[in-house]
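Here are my notes on the model you sent over, as a few numbered points. Keep the structure open while you read, and look up each place as it comes.

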Number of protein chains: 2
Amino acid sequence: MEAMKVGLLGLGVVGAGTWHVLNRNAQEIARRAGRGIEVTHVAVRDVAKARSIVGPNMLITDRPEEVVCDPTIEIVVELMGGVTLAYDMVLKAIENGKHVVTANKALLALHGTEIFEAASRKGVMVAFEAAVAGGIPIIKAMREGLTANRIEWVVGIINGTTNYILSEMRTRHLSFAQALSQAQGLGYAEADPTGDVEGIDAAHKLTLLASMAFGIPVQFTGAYIEGISAIEDEDMVQAERLGYRIKLLGITRRRDHGIELRVHPALVPIESLLASVEGPMNAVVVSGDAVGQTLYYGQGAGAEPTASAVVADLVDVTRLHTADPEHRVPHLAFKTNALIDTAILPIDQIVTPYYLRLNVDDQPGVLADISRELAHFRISIESMIQKPTELGGAKLIFLTHQALEADINEAIEAIEKMPFVRSSVMRIRVEALQ
Amino acid sequence: MEAMKVGLLGLGVVGAGTWHVLNRNAQEIARRAGRGIEVTHVAVRDVAKARSIVGPNMLITDRPEEVVCDPTIEIVVELMGGVTLAYDMVLKAIENGKHVVTANKALLALHGTEIFEAASRKGVMVAFEAAVAGGIPIIKAMREGLTANRIEWVVGIINGTTNYILSEMRTRHLSFAQALSQAQGLGYAEADPTGDVEGIDAAHKLTLLASMAFGIPVQFTGAYIEGISAIEDEDMVQAERLGYRIKLLGITRRRDHGIELRVHPALVPIESLLASVEGPMNAVVVSGDAVGQTLYYGQGAGAEPTASAVVADLVDVTRLHTADPEHRVPHLAFKTNALIDTAILPIDQIVTPYYLRLNVDDQPGVLADISRELAHFRISIESMIQKPTELGGAKLIFLTHQALEADINEAIEAIEKMPFVRSSVMRIRVEALQ
């Protein structure tokens with residue numbers, strides 16, 4: 001049988017990785033897919049550079065429209081990144097009846113609903129395993145492996161850059177700035193690290209996971225996003241003492257009145273597998289009512305791990321493109337007409353335990369006064385550490401039971417006004433994985 | 001659209017779990033599958049007991065042939081267990097053009113080649129996610145999620161009973177017999193625990209994983225199988241001191257001259273995630289050339305976790321039964337005509353590091369003599385612990401570098417003949433996850 005013909009948009013790290021994996025493992029892949037998968041056309045900005053990677057026999061253009069309009073191309077792989085030209089090219093490829101494989105989490109988090117609807121109308125597939133957690137087949141688990149379940153929550157370490165930074169901060173007692181600079185030196189963080197360290201990249205991925213978990217439209221704008229730049233070594237140390245480790249988590253959870261959708265640093269129990277996920281690795285825990293908790297772990301970025309996911313999608317499309325479109329796996333796990341527009345809860349409506357740290361004057365009655373203030377706002381304390389500091393001060397660390405974020409915010413505001421309180425209150429949410 | 005009609009053979013723990021999950025989550029499942037999935041016919045030995053579970057409106061029979069021959073049934077779910085009647089019924093269901101979903105690892109490990117060939121001839125699917133690692137979608141990961149990769153090895157904790165026993169032995173310093181009896185009390189082990197504790201159940205599962213990893217026919221008879229009944233508390237303690245934990249592992253690895261396929265207790269590095277998999281949980285690590293290592297973790301047994309996998313298969317079949325059979329996911333990940341009959345290596349041809357423990361007379365020169373004997377058989381020592389024991393003896397523990405099992409066996413035979421050696425040599429393989 002003739003090989004499946006693929007057009008590749010973009011030949012950067014992941015694009016080149018995809019090219020290499022498809023070539024190196026061509027035989028294994030054909031044994032699995034039943035036919036070969038061949039890149040016949042590449043669109044890039046720098047044609048000469050691309051030529052040096054893919055050799056003399058490839059069609060190379062700097063005009064991606066040529067690829068998405070080429071009648072011989074059956075699958076377009078979008079690895080250009082960005083949400084403007086990529087958006088146009090993906091929609092045009094769909095319009096031309098081509099299946100699309102993309103690693104572009106930002107594009108799908110922002111325009112997924114429109115893109116998936118266009119694909120459904122044309123009866124083509126848009127596959128995006130590489131968009132979340134790199135090489136880990138988490139999309140497949142969510143859309144196909146766990147279909148028996150009412151999913152209760154998904155909690156993941158889905159950004160390798162921040163996990164590397166937090167690991168280095170913890171094990172080597174570096175400041176955030178030091179660890180970031182080290183991550184940049186090793187290529188784990190970009191020159192402008194904002195998208196990673198401020199949690200935006202994780203929120204793109206979480207938005208997609210939430211849709212597949214709960215059968216809701218993609219709604220990135222509803223996500224709460226907080227990065228790791230405020231975390232201090234002190235918090236790492238105190239968390240450890242309380243039996244926790246600090247990780248940047250994506251958390252989405254079904255509640256009575258809506259869906260929690262939030263990215264922020266959080267304390268996770270030290271004995272959980274998530275706490276042991278170190279360096280640039282990713283892991284996602286999914287809790288379903290039948291299966292309980294399952295965890296998926298692996299490399300969340302990098303040329304070949306991400307290419308592994310891209311090529312898996314190519315094999316999927318190759319295997320299944322003859323299936324009746326009505327019976328294919330729905331893009332967001334649920335049939336389009338079965339999506340339910342459940343509300344995303346505002347962050348002050350979430351309920352979770354909290355870690356609080358503050359400096360106070362070391363004088364009698366301080367702890368009593370603070371405890372009374374917390375109780376006033378319906379916040380009960382699970383455990384507390386008090387340590388004297390220099391200059392007649394004391395450091396207080398509280399771990400609370402489940403509390404409403406709005407209550408915590410009011411309590412913090414009140415506590416910060418107390419005369420013996422010397423610092424602002426450091427507040428980190430706790431994820432108990434329950 | 002009318003519901004997919006399912007016939008259920010067996011209504012034990014997993015059968016009842018499947019029934020409950022299908023009913024409780026009927027709405028979520030239909031939102032994903034695009035149509036309902038309905039059990040219309042059940043075959044059991046005890047009709048009255050079944051009636052009390054599934055209610056008055058179900059067709060119940062004690063003759064499974066009725067179900068597999070019923071013209072209205074589209075999918076037969078085989079949860080009877082055993083390899084005789086189940087074998088007949090699965091083949092008859094296939095013969096009658098029905099898709100089959102089964103959790104029967106023994107049946108597939110022993111008769112998979114024949115069953116998959118029959119299914120391919122009839123153009124029906126045989127899905128078996130529940131046969132390996134319960135609710136963890138590891139079959140899906142192997143057959144679909146990692147198709148880009150040349151798989152190098154698969155290492156898994158794929159029997160919950162033995163993992164529970166080893167966890168209890170380690171954390172509570174129980175003997176094997178004590179921990180087994182406790183596992184039986186809690187329902188984690190059966191009255192006759194042989195299949196679990198001697199590694200046979202794990203070997204059935206490993207046989208299937210190996211086929212999907214390397215594209216080889218199922219060949220259970222080639223598997224090396226060793227259980228955990230010989231492990232002593234002493235070994236748990238010494239392993240921990242050396243930086244390892246003892247787990248019953250299924251290991252399959254591609255080598256130059258064949259495939260390693262073996263189930264036995266092994267030391268795994270304490271900092272690996274596998275070492276942290278405790279109690280009755282399962283986890284599988286897959287190493288691929290592009291993706292690197294990925295890990296899949298969850299409950300490997302129990303009514304609803306296993307039902308989760310059965311129902312996921314039902315959704316898969318419902319989604320994909322209209323696909324051209326030629327283009328469906330192949331049963332063993334690779335197209336039938338692309339399977340390669342690579343040899344399974346005999347156990348004495350495997351290469352791995354070893355843990356050795358023995359008692360000797362505490363006298364000068366003993367260590368030198370033993371080291372010389374090991375070196376004679378090309379075995380080099382990575383680390384060693386020597387401890388005096390009562391009665392003028394000493395305990396020696398060695399960790400070796402990679403060695404050929406045949407060499408280790410010869411060295412042990414020679415060492416056990418040395419006049420100052422007081423015990424037989426305890427030998428446990430090490431799995432470095434590399």
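1. Start with helix 1 (residues 13-24) and helix 13 (residues 303-320) of chain A: they pack at an angle of about 65°, and their axes are 8 Å apart. Bear in mind that this is a predicted model. Angles of 65 to 115 degrees count as roughly perpendicular, so that is the word for helix 1 and helix 13 of chain A. The crossing of this pair is right-handed.

2. Which residues of helix 1 of chain A meet helix 13 of chain A? On the helix 1 side you'll find Val13(A), Val14(A), Ala16(A), Gly17(A), Thr18(A), Val21(A) and Leu22(A). Their partners in helix 13 of chain A are Ala303(A), Glu304(A), Thr306(A), Ala307(A), Ser308(A), Val310(A) and Val311(A). Sorted by class, this contact has 9 nonpolar, 4 polar and 1 charged residues.

3. Now try another pair in chain A, helix 6 (residues 105-122) with helix 11 (residues 200-214). Their packing angle is about 55°, with the axes 8 Å apart. That makes helix 6 of chain A oblique to helix 11 of chain A. The crossing of helix 6 and helix 11 in chain A is left-handed. Helix 6 of chain A brings Lys105(A), Ala106(A), Leu108(A), Ala109(A) and Gly112(A) to the contact, while helix 11 of chain A brings His204(A), Lys205(A), Thr207(A) and Leu208(A). By class, that gives 4 nonpolar, 3 polar and 2 charged residues.

4. Over in chain B, have a look at helix 6 (residues 105-122) and helix 11 (residues 200-214) there. Their axes come within 8 Å and cross at roughly 55°, so helix 6 and helix 11 of chain B are oblique to each other. This crossing is left-handed. Lys105(B), Ala106(B), Leu108(B), Ala109(B) and Gly112(B) of helix 6 of chain B meet His204(B), Lys205(B), Thr207(B) and Leu208(B) of helix 11 of chain B.

5. Next, zoom out to chain A as a whole. Chain A has 15 helices and 18 strands. Its C-alpha trace spans about 80 × 45 × 35 Å along the principal axes.

6. How are the two chains related? Chain B is superposed on chain A by a rotation of 180° with 0.0 Å of shift along the axis, and the RMSD is 0.0 Å. That is the relation of a two-fold axis. To find the axis on screen, go to Ala323(B): among the residues of chain B, its C-alpha comes closest to the rotation axis, at 2.0 Å.

7. Last, the place where the chains touch. The contact takes 54 residues from chain B and 54 residues from chain A. On the side of chain B, the elements giving two or more residues are helix 2 (26-33), helix 7 (138-145), strand 12 (292-299) and helix 13 (303-320). Helix 13 of chain B gives the largest share, 10 residues. By class, this side of chain B has 24 nonpolar, 17 polar and 13 charged residues. The copies meet through the same surface, because 100% of the interface residues of chain B are also interface residues in chain A.

Technical notes
Residues are numbered from 1 along each chain as its sequence is written. Chains are lettered from A and ligands numbered from 1 in the order in which they are written. This is a predicted model: local features need pLDDT of at least 70, side-chain atom pairs count only at pLDDT 80 or more; totals for chains, interfaces and linings use all residues. Copies are superposed by least squares on the C-alpha atoms of residues with pLDDT of at least 70 in both. Two residues are in contact if their C-beta atoms, placed from the backbone, lie within 7 Å. Axes are lines fitted to C-alpha atoms, for helices over the stretch in contact, and angles run from 0 to 180 degrees between N-to-C directions. Helices (H or I, at least four residues) and strands (E, at least two) are DSSP runs, numbered from the N terminus. Angles under 35 degrees count as roughly parallel, over 145 as roughly antiparallel, 65 to 115 as roughly perpendicular and the rest as oblique. A crossing is left-handed if the near helix is turned anticlockwise from the far one by less than a right angle, and right-handed if clockwise. Ala, Val, Leu, Ile, Met, Phe, Trp, Tyr, Cys and Pro count as nonpolar, Asp, Glu, Lys and Arg as charged, and the others, Gly among them, as polar.
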